[in-house]
Structure formats: C-alpha cells, structure tokens
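Dear colleague,

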Amino acid sequence: SSLDLIEKQLAELCDDLHRIAMNLHPARLDQLGLPSAIESECAAFEKRYGIRTVFERIGAPDHLSSEVVVSLFRIFQEALSNAARHSRAKQVTVTLIHESVGVRLKIEDNGTGFDPNSDCNQKGLGLITMTERARILDGALSIDSHGHTGTTITAFVPDSFSRKTSNADVGRRSQDSSIGVTQAPGERV
C-alpha cells in the first residue's frame, strides 16, 4: 500500500541522515575506539532493521592511525547500509581481525547476493567509495557475492600503513588510485 511505501521511504531517509551525520564527524570513534564503535553501531543496526547482527573481534588492533580507523568504520557503515537496503538478509556478521600483516574487516550477510562485476554494480557510488577508501590506505577491498548465498565484503589494510601516516601521503595515494573491485591478500573474489 502507499502507506507502507511512505514508511519505507521515511526509514531510508532517516538512515541516510544518520549516515551523513556520522560521516561528517564520527564522534563515537574518538570516544570509544574502532572495535567499540563497531559493536555499538551493530547493536543500533539490529534494533533499527530487525536484522540479527553479530560482532566478533579477533586480536587487538589498538595501534591504528586515525585515517585507518575512520576509513574502516565508513566501509563498515556502507556495507551495513547495503545489507539493509538490498540483501534481504536475516543476519549480518562483522569480524575485525588483527593479523600479523595488517587489519582485516569482514562484513558478511546471508541475503540474496548480487553480481559485483556487473556494470551497474561497479559504478555504484557505495562500492566505489569503499574500494577507494581501502586503496588510499594501500589496502584492498574484496567482494564475494553469488546469487542467493549472501555477500562478504572484506577490507584489508596492511600494517605498514596502519601506523601514523601524514595527510600528504594519504592525498598522494588517493590521486594514484583507480576504482574497481579488487582482491585482498588471501581472499577470493
């Protein structure tokens, strides 16, 4: 019915406004740190959308630079938003892993999946933004999605970048990066 459509559009608008506010200044990151901010956002997401959301932290990536923290959090937010809007998932699992070679953030849903290599999906602003955020950090973003088996988005940032890096270095890397779906070390696409 038209009332259901209006309610859905209003919920999407609220989600957009929330995401815009968080992108302007993710205060929770300053106050809580990356793992706690992700855990808090997972709880809010589950309450808002009724999608079971599980967070797991493996290792302790406490030495991350502010650029890495903000970029990983924003990749996480975009992946959650995509799961809510497009996947019809019943569960999302978020895993933050500190490895000997870097930090890996995995967002997995059990939704409908999609073809990340289709022209339509490669040009989507959300996927382009997530990919670019990972590349600026000398990292990579992988998307593993198949029809009806869900989607796994993995962002990887090497330890060599996760420590303090100057803003000039970040800007230079941004100019050298190209956009696309890439494969993170040790991941299949």
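Please note that the model is a predicted one. Glycine 111 belongs to the loop that runs between strand 3 and helix 5. Leaving out residues up to four places away in sequence, glycine 111 touches Ser87, Arg88, Ala89, His148, Thr149 and Gly150.

**Serine 87**

Serine 87 is placed in helix 4, which comprises residues 66-87. The relative accessibility of serine 87 is 6%, and the residue is therefore classed as buried, the cut-off being under 20%. Two polar contacts of its side chain may interest you:

- A polar atom of the serine 87 side chain lies 2.7 Å from the backbone oxygen of alanine 83.
- The backbone nitrogen of alanine 89 is reached by the side chain of serine 87 at 3.1 Å.

When neighbours within four places in sequence are set aside, the contacts of serine 87 are Asn82, Asp109, Gly111 and Thr112.

**Threonine 112**

Threonine 112, a contact of serine 87, is found in the loop between strand 3 (102-109) and helix 5 (119-122). Is threonine 112 buried or exposed? Its relative accessibility is 18%, and because the limit for burial is under 20%, threonine 112 counts as buried. With neighbours within four places in sequence again left aside, threonine 112 is in contact with His86, Ser87 and Arg88, and also with His146, Gly147, His148, Thr149 and Gly150.

**Packing of helix 3 against helix 4**

Two packed helices are described by the angle between their axes and the distance between the axes. For helix 3 (residues 34-49) and helix 4, the angle is about 15° and the axes are 11 Å apart. Angles under 35 degrees count as roughly parallel, so helix 3 and helix 4 are roughly parallel to each other. The crossing in which helix 3 passes helix 4 is right-handed. On the side of helix 3, the contact is made by Leu34, Ala37, Ile38, Glu41, Cys42, Phe45 and Tyr49; helix 4 contributes Val69, Leu72, Phe73, Phe76, Leu80 and Ala84. Sorted by class, this contact has twelve nonpolar residues, no polar residues and one charged residue.

Isoleucine 38 lies in helix 3 and is one of the residues that make this contact. The relative accessible area of isoleucine 38 is 0%, so the residue is buried. Apart from neighbours within four places in sequence, isoleucine 38 is in contact with Phe55, Phe73, Phe76, Val94, Leu96 and Leu105. Isoleucine 38 and leucine 72 are 34 residues apart along the chain, and their C-alpha atoms are separated by 9.7 Å.

**The chain as a whole**

The secondary structure of the chain consists of eight helices and five strands. Starting at the N terminus, the order of these elements is α-α-α-β-α-β-β-α-α-β-β-α-α. The chain has 189 residues, of which 44% count as buried. Considering contacts between residues at least 6 apart in sequence, 70% join residues at least 24 apart.

Methods: Residues are numbered from 1 along each chain as its sequence is written. This is a predicted model: local features need pLDDT of at least 70, side-chain atom pairs count only at pLDDT 80 or more; totals for chains, interfaces and linings use all residues. Side-chain values use heavy atoms; hydrogens and water are left out. Helices (H or I, at least four residues) and strands (E, at least two) are DSSP runs, numbered from the N terminus. Buried means under 20% relative accessible area, exposed over 50%, partly exposed in between (1.4 Å probe, protein chains only). A polar contact is a pair of N or O atoms within 3.5 Å; within protein, one must be able to donate a hydrogen and the other to accept it, and residues adjacent in sequence count only if both atoms are side-chain atoms. Contact means heavy atoms within 4.5 Å. Axes are lines fitted to C-alpha atoms, for helices over the stretch in contact, and angles run from 0 to 180 degrees between N-to-C directions. Angles under 35 degrees count as roughly parallel, over 145 as roughly antiparallel, 65 to 115 as roughly perpendicular and the rest as oblique. A crossing is left-handed if the near helix is turned anticlockwise from the far one by less than a right angle, and right-handed if clockwise. Ala, Val, Leu, Ile, Met, Phe, Trp, Tyr, Cys and Pro count as nonpolar, Asp, Glu, Lys and Arg as charged, and the others, Gly among them, as polar.
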